[in-house]
Amino acid sequence: MLVVRELSKKFGGLKAVDDLSFNVKSGTVHSIIGPNGAGKTTLVNMITGVYKVTSGEIYLKKENETYAEDDIEEIIHGKRENITNLSMSKLVHKGVCRTFQHLEICNTMSALENIMLGFHKFMNKNFILSCINSKKIREDEQKYEYEAMKYLKMFSLDDVAYKKADSLSYGVLKKIEIIRALATKPRLVLFDEPVAGLNPKETADISAIIKEVANEGISVILIEHDMKMVMQISDWITVVNFGKKLAEGTPVEISNNEDVINAYLGSRHKKKLANNG
Amino acid sequence: MNELFQLILSGITVGFIYALVGMGFTVIYNSSGIINFSQGEFVMAGGMSAVFLLKAGMPFWLAFSLSILITAILGIVLWKLIDLSKERSVISMIILTLGYSIALRGLAEVIFDKELHTLPSFVGDGAFEIYGATLTYQALLVIFISIIIVLFLYIFFKKTKTGKAMMATSDNIDSAKLMGIDIKKILMLNFAISAIIASIGGLLLAPITSTNYEIGIMLGLKGFSAAVIGGLSQPFGAVVGGLILGISESLVAGYISSEYKDAVAFVALLGILFFMPGGIFSNLKAKRI
Amino acid sequence: MIKRNIDIIILIFILIVAAFAMKNDFYYEIAVLSILNAIICIGLNLLIGYAGQISLGHGGFMALGAYISAILSSNYSLSPMLSLFIAVLFMGIFAYLISKPILKLEGHYLAMATLGVGIIIYIIINAQGDLTGGPDGMGVDVFKVFGYEFDTNVKWYILSSIMLILVIMALKNLIKSPYGRVLRGIHDSSVAVESVGADVAKYKSYVFVISVIIAVVAGSMYAFFSGFISPAEASFNRSVELVVMVVFGGIGRIYGAVMGAVILTVLPQLLTSFEDYQTLIYGIIIILVMMFMPKGIVSLFDKLRKNGAGS
């Protein structure tokens with residue numbers, strides 16, 4: 001679904017992301033993990049058009065293409081488009097969307113309206129028609145208010161539908177942001193630390209939601225620090241450290257990878273292990 | 001050639017006034033993040049107070065000192081108004097300082113009048129002849145005193161304990177607080193200094209061009225342009241900005257048209273904002289990581 | 001339907017009742033000016049309150065458009081409606097082109113850029129005397145639509161009242177629509193809006209153009225109404241006046257803009273008995289409101305409603 005090729009980001013003299021490459025397979029949960037400052041956020045920001053890349057490319061599978069078993073590399077590549085440096089809003093129209101580590105919610109709007117924002121792609125945005133409150137606009141508003149309600153019911157949040165967002169709890173808002181992202185009917189979603197600051201029950205809820213999203217055939221990129229969650233739901237993990245790819249593999253492979261363990265626990269731990277024999 | 005030199009000289013003279021006004025802007029902006037739209041009125045207050053105090057029969061030195069003191073008080077009053085405000089958003093502070101400038105103009109209308117006034121030159125009406133250009137004693141005084149003020153401020157901000165504290169505050173309010181620096185007092189001092197610089201500018205300017213209750217508007221805006229040209233975050237950038245502005249204005253008035261003289265400041269402002277918003281020195285600084 | 005539009009009904013009622021309070025021509029002048037200012041402020045409020053862009057040059061944009069209407073109709077004998085149309089077209093394109101570089105700036109810098117453009121327009125209008133009549137201004141011919149002349153104060157009162165109601169209705173509809181949801185979203189979190197596929201920069205541009213067009217129409221109407229236009233309409237003072245009206249009334253609230261415009265248009269007239277102290281009092285009122293009611297006059301009404309609902 002997504003191919004990241006030799007992606008780099010320089011800030012002045014500092015290379016935050018260094019020659020990073022990986023593939024995201026369709027319909028899988030692909031996690032990106034690494035210690036703080038490893039470059040994960042910079043990576044996500046490059047993929048979603050917030051930062052301009054210094055070098056490298058990003059490719060996305062075109063909308064109605066499928067890869068056949070015997071397709072050669074050239075043909076596969078031809079079924080992708082180069083989405084490097086496209087702005088976030090353009091990417092949404094190509095089926096890519098994201099959630100944010102530090103919530104981006106419209107606080108003066110109700111939960112329902114925040115979700116309806118997610119349907120923006122599909123609604124009529126003609127200025128003149130809006131000013132005269134034409135039939136088309138009224139129909140759209142009705143239709144998508146109903147759709148938004150359906151989504152909220154699905155996640156058992158319909159009781160807060162009309163409450164103003166700034167009166168809702170952090171955990172609820174994290175869910176709302178995910179629902180909003182799903183409302184854009186994406187093919188690929190990037191979740192940026194979706195369970196940061198949540199209690200175990202909320203974490204389990206969101207874990208289940210993300211797994212279900214992938215089961216529906218939507219590709220997922222997950223940035224997370226919660227190792228239990230990552231190991232539980234990931235199909236593939238890419239480990240990043242100092243902006244470079246440290247390791248890649250299934251959850252089992254990664255949890256047994258010495259380099260990864262060292263990166264997280266540091267060389268002091270290595271010494272401890274050595275001293276204890 | 002003589003004409004060119006004359007234009008440059010008068011440009012430098014006015015340029016220093018713009019520099020003083022501009023520095024007032026950067027001092028307040030750097031310490032509080034507020035653009036003070038009444039800065040021009042501080043200039044007006046300096047000149048107009050002196051005019052009327054002199055008329056009332058006071059000796060020169062008393063009239064000037066009182067004018068500067070009065071303006072400093074006006075600066076501190078503004079600081080207090082901002083301090084007492086419930087909210088300090090960008091827009092409410094813009095409107096507040098605009099309201100203050102309107103109020104000061106209204107006050108000037110009432111206390112003074114709407115007429116044009118001139119101050120007599122402090123050093124007599126003589127002039128030097130340099131390369132065929134005339135440099136009045138007053139103009140030379142403007143340049144001389146402006147340079148002294150800039151040097152004084154430089155030493156104050158970079159070398160004295162209080163001054164360095166003020167610079168530290170503008171760089172990082174939280175660590176300044178942690179080090180026990182009294183933020184409120186520093187802010188008040190900044191506003192007072194800003195007003196004092198402006199009033200001195202007004203006193204220097206009044207003998208050259210006349211002064212009246214309305215000069216603050218254009219002067220303030222041009223001073224602001226000077227500050228932006230030099231870079232709002234560079235405390236002394238306004239000096240370079242002011243000189244560039246003064247000389248450009250003078251040349252445009254002399255060679256192109258005097259009607260479009262005022263436009264120079266704003267065309268320059270737009271140019272800087274679109275191409276180098278950090279000011280002309282921004283590209284020379286090493287890129288921060 | 002009635003409940004949702006009760007505010008419009010009340011407004012129409014007020015406008016009709018006020019008509020009977022018009023003792024003489026002067027009252028009508030103030031009324032028409034208030035209404036036209038309210039229209040300009042509604043547009044400006046869209047820019048400041050929703051798109052979050054402060055414009056300190058709207059007087060310049062408004063006056064430039066009004067001068068085009070005036071010059072084309074009075075000096076070149078085009079019909080007033082056609083002149084107005086051309087002015088709107090020209091200023092719309094101008095505003096769109098200007099919006100691209102300007103809206104890349106933020107906060108103070110954006111305000112400064114609009115200020116710069118506004119003052120440059122002011123200087124040009126003053127300097128091009130043969131075209132504009134220079135600092136003394138120029139006369140404007142009467143406003144005609146298909147031969148029907150708007151030559152009395154009553155006709156103008158009715159015309160401007162209708163315009164006000166149409167603008168308010170259009171904006172209310174806009175805010176409720178998906179387009180409007182994007183605007184409200186930009187005010188809260190432009191990142192969130194960008195993340196659902198709306199190009200925030202484009203919307204900010206459009207809002208800028210809309211606010212300029214509204215100002216041009218209302219400003220042109222004022223020139224036709226008073227039969228006169230001068231560069232003072234493009235001055236920094238005028239631009240400040242408009243922004244103060246919006247903020248004083250209450251940013252982001254349609255009726256805030258209306259109230260701010262009406263109060264601050266009528267207020268100086270009430271203060272004429274104080275003669276010389278007018279400017280001073282005006283300034284003090286602005287300072288006090290900004291210090292203690294930064295959300296604007298409309299917040300007073302909010303408090304009353306809250307207290308009423310609570311008891």
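Select C:G250, the residue that follows helix 11 of chain C; its phi is positive, near 135°. Helices here (H or I, at least four residues) and strands (E, at least two) are DSSP runs, numbered from the N terminus. The model is predicted: local features need pLDDT of at least 70 and side-chain atom pairs count only at pLDDT 80 or more, while totals for chains, interfaces and linings use all residues. Residues are numbered from 1 along each chain as its sequence is written, and chains are lettered from A and ligands numbered from 1 in the order in which they are written.

**Helix 11 of chain C**

The expected span is 1.5 Å times one less than the number of residues. Of the 14 residues in helix 11 of chain C, 13 are buried, so the helix is mostly covered. A residue is buried if 20 or more other C-beta atoms lie within 10 Å of its own, exposed if 12 or fewer, and partly exposed in between, with C-beta atoms placed from the backbone.

**Chain C as a whole**

Along the principal axes, the C-alpha atoms fill a box of roughly 55 × 45 × 45 Å. Buried residues make up 54% of the 311 residues in chain C.

**The nonpolar core**

Next, select C:I42. Not counting residues up to four places away in sequence, C:I42 touches C:V167, C:I168, C:L171, C:I214, C:I254, C:A257 and C:V258. Two residues are in contact if their C-beta atoms, placed from the backbone, lie within 7 Å. C:I42 and A:I115 have the most contacts inside the largest nonpolar core, which has 266 residues. Such a core is a set of buried Ala, Val, Leu, Ile, Met, Phe, Trp, Tyr and Cys residues joined through C-beta atoms within 7 Å. Helix 10 (residues 200-226) of chain C gives the most to this core, with 17 residues. The core also draws at least three residues from each of domain 1 and domain 2 of chain A.

**Where chain C meets chain A**

Show chains A and C together. Here 22 residues of chain C are in contact with 30 residues of chain A. On the chain C side, helix 7 (153-176), helix 8 (178-188) and helix 9 (190-194) each supply at least two residues. Helix 8 of chain C has the largest share, 8 residues. By class, this side has 10 nonpolar, 7 polar and 5 charged residues. Ala, Val, Leu, Ile, Met, Phe, Trp, Tyr, Cys and Pro count as nonpolar, Asp, Glu, Lys and Arg as charged, and the others, Gly among them, as polar.

**Where chain B meets chain C**

Switch to chains B and C. The contact involves 37 residues of chain B and 35 residues of chain C. Helix 3 (60-84), helix 4 (90-111), helix 9 (215-230) and helix 11 (263-275) of chain B each supply at least two residues of the chain B side. Helix 4 of chain B gives the most, with 16 residues. The chain B side has 26 nonpolar, 5 polar and 6 charged residues.

While in chain B, select residues 183-205, helix 8. Of its 23 residues, 19 are buried, so helix 8 of chain B is largely enclosed by the rest of the structure.

**Chain A and its two domains**

Show chain A, which has 12 helices and 10 strands. Colour domain 1 (2-107 + 185-275) and domain 2 (109-163) separately; the bounds come from an automatic or database domain assignment. Their centres, taken over C-alpha atoms, are separated by 30 Å. Contact between them involves 4 residues of domain 1 and 4 residues of domain 2.

**Two residues with positive phi**

Select A:D19 in strand 2 (residues 14-24) of chain A. Its phi is near 55°, a positive value in a residue other than glycine. A:D19 is partly exposed, with 14 other C-beta atoms within 10 Å.

Finish at A:N133, in the loop between helix 5 (127-131) and helix 6 (135-154) of chain A. A:N133 is not a glycine, yet has a positive phi of about 55°. With 17 C-beta neighbours inside 10 Å, A:N133 counts as partly exposed.
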